Amino acid sequence: MSEIRNLATNSLPLAYLLGAAFNPPLLALPLYMGKVSAGRTTGFASPAQDYEQERLDLNKRLVSNIPATFFYTVGKSDDSMIDDGILPGALMIVNRALTPKTGRTVVVVLNGEILVKRLYSRAGVVELRSMNKAMNYPNIRLNEGQELIIEGVVTHAVNSY
Amino acid sequence: MQSIPTKQKIFALADVNSMYASCEQIFNPKLRDKPVVVLSNNDGCVIAQSKEAKALLEIYMCRPWFELKEEAAKLGVIALSSNYELYADMSNRFVQVLSQFTPRIEVYSIDESFLEMTGINKDLTVYGQEIKNTVKQWIGLPICVGFGHSKTLAKLANHIAKKQVNFNGVCDLSSMTENEVDTLMEKLSVSKVWGVGRKMEEKLNRLGINNVLRLKRADPKRIRDEFNVVLERTVKELNGDSHLEIEETFLEAKQIMSSRSFGKRIDALNELEEAVSYHASNACERLRQQNLFANAITVFIQNSPFDKAPYHGPIYTFGLPSPTNNTMQIAKAAIWAVRKIFKAGIYFQKAGVMLSELVPQAGQQMDIFGYNSDNEKSQLLMKTMDEINKKFPNNRFKLASEGTKKTWVMNRDLKSPNYTTDWKDLPTTINHSRL
């Protein structure tokens, strides 16, 4: 009996309702489900039913190429890109499949370190630029023969406030 | 070119070079161009090495780590524990990238897949380079691709692509003349052929069949009499006569779950171990019924939402070193996981095991992974176990490990972070100017 009372009064953890499925599908509740019973008629479909939409999914919005997309974190003391809105600690969504064109924000490996920078390439000169006017970090110009590995293009950055 | 039937099939085998070591090198750039070795469970022996490590010492593979430790340190070799979570994620991405190139894929193991290429009207050497370059760019893994008129030939082509530098990672036997193929085959020992093990090689050598070309030209009937139908089929496959089909898999995750509420609340670890061991063995039985192998396991325990205590339902998921359907291996893994998530003082009400990342029976895969070395024997044991349980459903033939206090703790002291599966382990940038 006490269980029944609890059922009515307490909100249950989601995991219980879903039969303890691991990684359950989003419990996206539709606007309305089922039919309205109105008198003797079999019922009207809810007028809202035609407008039912899938719940918005950030993955679909932010990740266009699933296997080629990797997440990176901006280091706690890496304020080199703050003028672009990429703050220390931000989550970056990096697409490796995109061709890194000049002007794009890229994650690179230089001398074994992972960096996020703006890529500039003109007449054979390749430069990595920080975006922080206040600190005026020097641009990194690549010497001939110096190896730069571009890991991927940063398509989005997510800052937490 | 010889006259061949017009509808000859074409297969490709795409295989990641030094899969485990390559995964580690992508996310820790400091390991790139360095000799890296990856160790098996409990850091027992070397199961993978980067090409830089291979160049230093070829004989590392499968040797006990404690024997090599000192020598390796002197040579600057970096050793890591296996990071199955990382390898399983990268393996899934690998298959997803390959699926761009053909609709028919067979996931053969964690680092190799067969692709059906019949009817793809392209210069396959060029197409193979495209596959190779796309995988490299999209997920960072170096691969080799081999093409042939049978799966056995595709596998052989892949071996050639991997070992002979002039092929630049792609070898298409299907477009070569028979003479060209024969010249390549003559230089390879029979052990390079898919499914030919050491014992079989010895016996073949005694019969004078000491290279692949001789095996190709051997009389299939004689091979069947001296060996078995499997090797007879191999001979036919070497002649471009395809007998093995692509065994397609579903790319979407399939799962097998076993869970149940307890009759009473349980707060003792050994009882929980017994429970998850039971569920592991139950889930495994169903796995074998479907001829599937699991790449990952999830273990969960929870208290009752009706109890007064706050809800507690830890879940633990991790990748297995290679696809398995062996009850003993999976039960061991489940027990290890439940120990990890167990918390004293909580009255648990339910436990379960879920197997996921399921792939179909892999057939001829040999013991690449340390823990699979008794594969044939354990398959037989599992089969017997299933048969007994079918006959005597009320007296389950089960593992002695269920509920005992055997210590089985996987030691992974040298494991790298879960770069792709854990928010707190993501690769992180540094501020170059502040170094």
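Select Tyr161(A) to begin: this residue is exposed, with a relative accessible area of 84% (buried means under 20%, exposed over 50%, partly exposed in between, with a 1.4 Å probe and protein chains only). The model is predicted, so local features need pLDDT of at least 70 and side-chain atom pairs count only at pLDDT 80 or more, while totals for chains, interfaces and linings use all residues. Residues are numbered from 1 along each chain as its sequence is written, chains are lettered from A and ligands numbered from 1 in the order in which they are written, and side-chain values use heavy atoms, leaving out hydrogens and water.

**The surface of chain A**

Tyr161(A) is placed in the segment after strand S9 (149-158) of chain A (strands are DSSP runs of E with at least two residues, helices runs of H or I with at least four, numbered from the N terminus).

**The nonpolar cores**

Next, select Met92(A), Met90(B), Ile131(B), Val135(B), Ile139(B) and Leu141(B), which have the most contacts inside the largest nonpolar core, a set of 57 residues (a core joins buried Ala, Val, Leu, Ile, Met, Phe, Trp, Tyr and Cys residues through side-chain atoms within 4.5 Å). Helix H4 (residues 84-98) of chain B gives the most to this core, with eight residues. A second, separate core has 33 residues, among them Ile266(B), Leu292(B), Ile330(B) and Val353(B).

**Aromatic pairs**

Over all chains there are 12 aromatic pairs (ring centres of Phe, Tyr and the six-membered ring of Trp lie within 6.5 Å; planes under 30 degrees apart are stacked, over 60 edge-to-face, and the rest tilted). Select Phe101(B) and Tyr127(B): their ring centres are 5.7 Å apart and their planes at 75°, so the pair is edge-to-face. Phe101(B) lies in the loop between H4 and strand S5 (105-109) of chain B, and Tyr127(B) in helix H5 (residues 124-139) of chain B, so the pair ties together parts that are 26 residues apart in sequence. Phe101(B) is buried at 8% relative accessible area, and Tyr127(B) is buried at 7%.

Move to Phe114(B) and Trp194(B), whose ring centres are 5.3 Å apart with planes at 45°, so this pair is tilted. Both residues are buried. Finally, select Phe70(A), Phe27(B) and Tyr419(B), which ring pairs link into a cluster.
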